[in-house]
Structures are given as structure tokens and as C-alpha cells.
Amino acid sequence: RLGVFHINGPWFFVGLQELLRYAPPFWAGIVWPVTLVAAITLLQKEEAGVAFRARWYCLAWLIVYAILTAVGFSR
């Protein structure tokens, strides 16, 4: 149902907007995206274990974000 309080941003922020429904703004808007940036920087590490975990974290992050985006589009 669309109303005065229903505001949509660009399609690439739908997942973030959906996350803001469930988490405080600091965690959803700052901590959540920064963890992806930190994991991407860890992909360059020489240690195989660190790069492997960072790769899996990035994949899991993107899957969760895709689910949040799908839920946001279904509203």
C-alpha cells in the first residue's frame, strides 16, 4: 500500500532500506556496509585462510543483501 510515508530510493538501495526496517540506522547504514568493504580489502591478503574466509563472507553478504532487496521489492 502506497501512502505519504512510503518513499523508495534507487533500486540499488532497496536492500539497505529494508535492513533499516529491522536494525538501527547506525548498524544498518554504517556498520553493515563497512564490513563488506573490510572483507574486500582482506581478499588481497597473502594468507590463504584470511582470503578464503573473506571470500565466503563477501558471498554471504551479497546473498543476504539480495534477499533483503527481494523482500523490499515485494512490498
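A residue counts as buried under 20% relative accessible area, exposed over 50% and partly exposed in between (1.4 Å probe, protein chains only). The structure is a predicted model, in which local features need pLDDT of at least 70 and side-chain atom pairs count only at pLDDT 80 or more, while totals for chains, interfaces and linings use all residues. Residues are numbered from 1 along each chain as its sequence is written, and side-chain values use heavy atoms, with hydrogens and water left out.

**Salt bridges**

Two salt bridges are found in a search of the whole structure; the term denotes a side-chain nitrogen of Lys or Arg within 4 Å of a carboxyl oxygen of Asp or Glu.

| Pair | N to O distance |
|---|---|
| E18 and R21 | 3.4 Å |
| E18 and R75 | 3.0 Å |

R75 lies in the segment after α3 and E18 in helix α1, so this pair ties together parts 57 residues apart in sequence. Through shared partners, the salt bridges join E18, R21 and R75 into one network. E18 is buried, at 2% relative accessible area, whereas R21 is partly exposed at 49%. Helices are DSSP runs (H or I, at least four residues), numbered from the N terminus.

**Helix packing**

The axes of α1 and α3 lie 7 Å apart, at an angle of about 85 degrees; axes are lines fitted to C-alpha atoms over the stretch in contact, with angles from 0 to 180 degrees between N-to-C directions. The two helices, α1 and α3, are therefore roughly perpendicular (65 to 115 degrees). Their contact (heavy atoms within 4.5 Å) includes E18 and Y22 of α1 and L68 and F73 of α3.

Note on methods:
Parallel < 35°, antiparallel > 145°, perpendicular 65-115°, else oblique.
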